[in-house]
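The following exercises are to be worked through with the sequence and the 3D structure at hand. Each task is followed by a solution in steps.

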Amino acid sequence: MKNIITQTARILVGILFIISGLIKLNDPLGFSYKLEEYFNANVLNMEFLIPFALIIACFIVVFEVVLGVMLLIGFKTKFTVWSLLLMIVFFTFLTFYSWYFDKVKDCGCFGDALKLTPFESFIKDLILLFLVIILFFGQKFIKPLFGKSALNLTVLGAYSLCLFMAFYVLQHLPIKDFRAYKVGNNIQKGMEIPEGAPKSEYEMVFIYKINGVETEIPYADVMDNKVPEGAEFVDRKDKVIVEGYIPPIHDFTIEKDGANYVESILEEPKVVLLITYDLNKSKEKGMKKLEAFNQKATAKGYQVIGLTASDDALKEGFKKEFNLTFDYYFCDPTTLKTIVRANPGIVVLEKGTIVQKVHFNDIDNINL
């Protein structure tokens with residue numbers, strides 16, 4: 001019976017680690033953005049790790065897939081099980097922290113393929129932790145499936161394929177796009193709110209400093225004069241108590257000089273968006289390609305605009321440095337990072353429908 005339980009846990013954990021790792025390996029840049037969110041000052045306060053987020057993301061997702069393979073084939077059981085235990089304890093801590101302190105809304109466990117709430121992610125990790133503990137105490141039942149040479153070749157092959165996949169998607173784009181901005185989707189439709197969709201409900205709360213600690217006090221208590229004596233008013237905010245329907249696309253803007261041009265631009269039949277969410281972090285190799293492509297697209301009747309979250313001074317500096325003749329408009333940086341996993345990246349629209357989307361390395365493959 002113990003052997004059957006251990007083998008069942010072995011198969012479940014191995015397959016789940018491989019699937020979860022491959023989904024994130026399809027988009028390691030997206031996972032690195034999630035890690036940056038965790039490293040932020042108001043979450044784990046480990047901002048010194050932010051510059052290394054992509055390297056850490058790649059290491060985690062490759063190791064996750066390979067650990068799943070190692071478990072299934074029975075390679076170095078003690079090392080594999082200990083690694084699984086340490087990794088799932090780490091993940092469980094992160095998801096618990098996200099849920100309990102309401103810091104990160106989506107853990108990124110399955111990338112954009114499957115969105116889980118922090119509580120759902122925490123429960124998932126608790127179940128996985130239970131299964132890994134079964135493996136920890138049942139190590140003697142985990143036997144190798146092949147001889148030593150075959151085991152070594154299988155693990156080496158898994159590492160090699162994972163590293164190649166990570167390199168490929170970073171130099172191009174994710175092989176499978178799970179986001180709302182994938183090719184074929186219409187941005188206007190993605191922003192629509194269905195008739196009768198549930199609306200968010202808010203509660204007004206006041207923040208007072210009481211004995212040096214910022215404390216939330218409900219609106220009703222403030223109106224009933226239940227604020228402690230000596231409390232110092234700090235702020236007022238609307239707290240979401242019931243989350244309403246949020247459309248797949250909800251933060252997309254094209255702003256310039258205080259005006260939003262979303263509606264007019266999304267009605268155009270031929271539009272090219274040159275997206276650089278942060279000009280300071282843009283790749284010089286990609287920036288050098290933009291003006292030549294702009295001239296080519298403009299000659300064929302396309303309206304070409306840049307989208308960035310950088311400030312006006314930086315925009316002007318980069319326009320001069322790379323001789324850019326198109327105008328930059330503003331859009332939220334998180335939205336731009338969601339649209340295309342490249343900095344810069346190129347998106348071609350036909351009346352709001354995304355018909356092409358490429359990494360700057362593939363700019364010559366765009367069919368205008």
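**Exercise 1: The second largest pocket**

H2 gives the most to the lining of the second largest pocket, with five residues. The model is predicted: local features require pLDDT of at least 70 and side-chain atom pairs pLDDT 80 or more, while totals for chains, interfaces and linings use all residues. Residues are numbered from 1 along each chain as its sequence is written, and side-chain values use heavy atoms, with hydrogens and water left out.

Task: Describe the lining of the second largest pocket by element and by class.

Step 1. A pocket is defined on a 1 Å grid over the protein atoms alone, as an open set of points where a 1.4 Å probe fits, with protein on both sides within 12 Å along at least five of seven lines; lining residues have an atom within 4 Å of a point. The volume, meaning the space filled by probe spheres set on points joined across faces, edges and corners, is about 660 Å³ for this pocket.

Step 2. The lining comprises 28 residues, and Leu29, Tyr33, Leu54, Tyr277 and Lys283 lie nearest the centre.

Step 3. At least two lining residues come from each of H2 (28-39), H3 (53-73), H6 (148-171) and H12 (333-339). Helices (H or I, at least four residues) and strands (E, at least two) are DSSP runs, numbered from the N terminus.

Step 4. By class, 14 lining residues are nonpolar, seven polar and seven charged. Here Ala, Val, Leu, Ile, Met, Phe, Trp, Tyr, Cys and Pro count as nonpolar, Asp, Glu, Lys and Arg as charged, and the others, Gly among them, as polar.

**Exercise 2: Arg179**

Task: Is Arg179 buried or exposed, and which residues does Arg179 touch?

Step 1. Arg179 is located in the loop between H6 and H7 (187-191).

Step 2. Buried means under 20% relative accessible area, exposed over 50%, and partly exposed in between (1.4 Å probe, protein chains only). Arg179 has a relative accessible area of 6% and is therefore buried.

Step 3. Contact means heavy atoms within 4.5 Å. Not counting residues up to four places away in sequence, Arg179 touches Asp112, Pro174, Asn185, Lys337, Thr338, Ile339, Val340, Arg341 and Lys357.

Step 4. For Thr338, the backbone oxygen lies 2.6 Å from a polar atom of the Arg179 side chain.

**Exercise 3: The nonpolar cores**

Step 1. A nonpolar core is a set of buried Ala, Val, Leu, Ile, Met, Phe, Trp, Tyr and Cys residues joined through side-chain atoms within 4.5 Å. The largest has 42 residues, and Val13, Leu25, Leu35, Val66, Leu84 and Leu135 have the most contacts inside it.

Step 2. H1 (2-25), H2, H3, H4 (77-100), H5 (118-137) and H6 each supply at least two residues of this core. H3 gives the most, with 13 residues.

Step 3. Leaving aside neighbours within four places in sequence, Leu84 is in contact with Val13, Phe17, Leu67, Leu71, Val132 and Leu135. Another core lies apart, with 26 residues, including Leu173, Ile275, Ile305 and Ile354.

**Exercise 4: Backbone geometry in loops**

Task: Where does a cis peptide bond occur, and what is phi of Asn45?

Step 1. The cis peptide bond joins Asn343 and Pro344, with omega about 10°. Pro344 is found in the loop between H12 and E9 (345-350).

Step 2. Asn45, in the loop between H2 and H3, has phi near 55°, a positive value in a residue other than glycine. Asn45 counts as exposed at 53% relative accessibility.

Conventions:
A polar contact is a pair of N or O atoms within 3.5 Å; within protein, one must be able to donate a hydrogen and the other to accept it, and residues adjacent in sequence count only if both atoms are side-chain atoms.
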